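Here is a short report for a reader new to this structure. Look at the sequence and the model first, then read on.

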Amino acid sequence: KPVLVLKPENVSVRMGESAHFYCQAKGDPTPTLVWSRERGPLPNGRYLINPDQTLQLHYVTEQDAGRYTCTAANHVGVVTATAQLLVEGMVSAEMPSLSQQHGVWLKPDSIIPIETVLLAVGDLLGHDNLNMRLG
């Protein structure tokens with residue numbers, strides 16, 4: 001049965017940086033190692049699996065956050081190990097809970113017109129509530 005001699009560990013990176021997950025397996029016969037993601041495929045065009053089976057994710061975005069699994073398999077058995085990718089995004093300081101709950105993520109040094117912010121809040125609260133508060 002395959003054995004994981006190196007398991008991936010949780011990684012935290014800032015948006016735009018690269019993330020690395022390490023995984024190595026041994027067994028007889030030599031197992032095949034595959035990387036997968038809990039939600040959807042690996043990010044198209046932005047990942048690389050090195051000869052040592054390291055998974056590299058480049059130009060990380062907030063959508064890349066989640067669980068990544070290393071699976072080693074041969075005809076004798078299958079073993080897996082999973083690690084979490086946390087992406088450190090810049091969340092609006094004024095409304096952190098609103099931003100986190102509703103997926104409104106801001107890039108560093110973003111300039112967003114107040115009209116856009118009010119429209120987004122209006123969509124979340126319902127336009128009637130927003131109009132009453134503003135007018």
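Which residue in E8 does Ser36 stand opposite? The residue is Thr69. Bear in mind that this is a predicted model.

**The sheet**

E5 and E8 run antiparallel, and six bridges join them. Both strands belong to an open sheet of four strands. The order is E2-E9-E8-E5, and the pairing is mixed. E2 and E5 stand at the edges. Each has a single partner strand, so one side of each is left without a neighbour in the sheet. From one strand to the next, the twist averages 25°.

**The core**

The largest nonpolar core has 20 residues. Phe21, Trp35, Leu57 and Leu85 have the most contacts inside it. Which elements give two or more residues to this core? They are strands E2 (11-14), E3 (19-21), E5 (32-37), E7 (55-57), E8 (66-74) and E9 (77-88). E9 gives the most, with five residues. As a general point, nonpolar side chains in soluble globular proteins tend to be buried together.

A pair of aromatic rings is described by the distance of the centres and the angle of the planes. The table gives these values.

| Pair | Centre to centre | Angle between planes | Type |
|---|---|---|---|
| Phe21 and Trp35 | 6.2 Å | 45° | tilted |
| Phe21 and Tyr68 | 5.3 Å | 25° | stacked |

Take the tilted pair, Phe21 and Trp35. Phe21 is in strand E3 and Trp35 in strand E5, 14 residues apart, and the pair links distant parts of the chain. Phe21 and Trp35 are both buried.

Now the other pair. Why do the rings of Phe21 and Tyr68 count as stacked? Their planes are at 25°, and stacked pairs have planes under 30 degrees apart. Phe21 lies in strand E3 and Tyr68 in strand E8, so this pair ties together parts that are 47 residues apart in sequence. Tyr68 has 0% relative accessibility, so Tyr68 counts as buried.

Together, ring pairs link Phe21, Trp35 and Tyr68 into a cluster.

Technical notes. Residues numbered from 1 in each chain as written. Predicted model: local features only at pLDDT ≥ 70, side-chain atom pairs only at ≥ 80, totals over all residues. Heavy atoms only, no water. Core = buried A, V, L, I, M, F, W, Y, C linked by side-chain atoms within 4.5 Å. Buried < 20%, exposed > 50% of the residue type's maximum accessible area, 1.4 Å probe, protein only. Phe/Tyr/Trp six-rings, centres within 6.5 Å; stacked < 30°, edge-to-face > 60°. Pairing = 2+ DSSP bridges. Axes fitted to C-alpha atoms, helices over the stretch in contact; angles between N-to-C directions.
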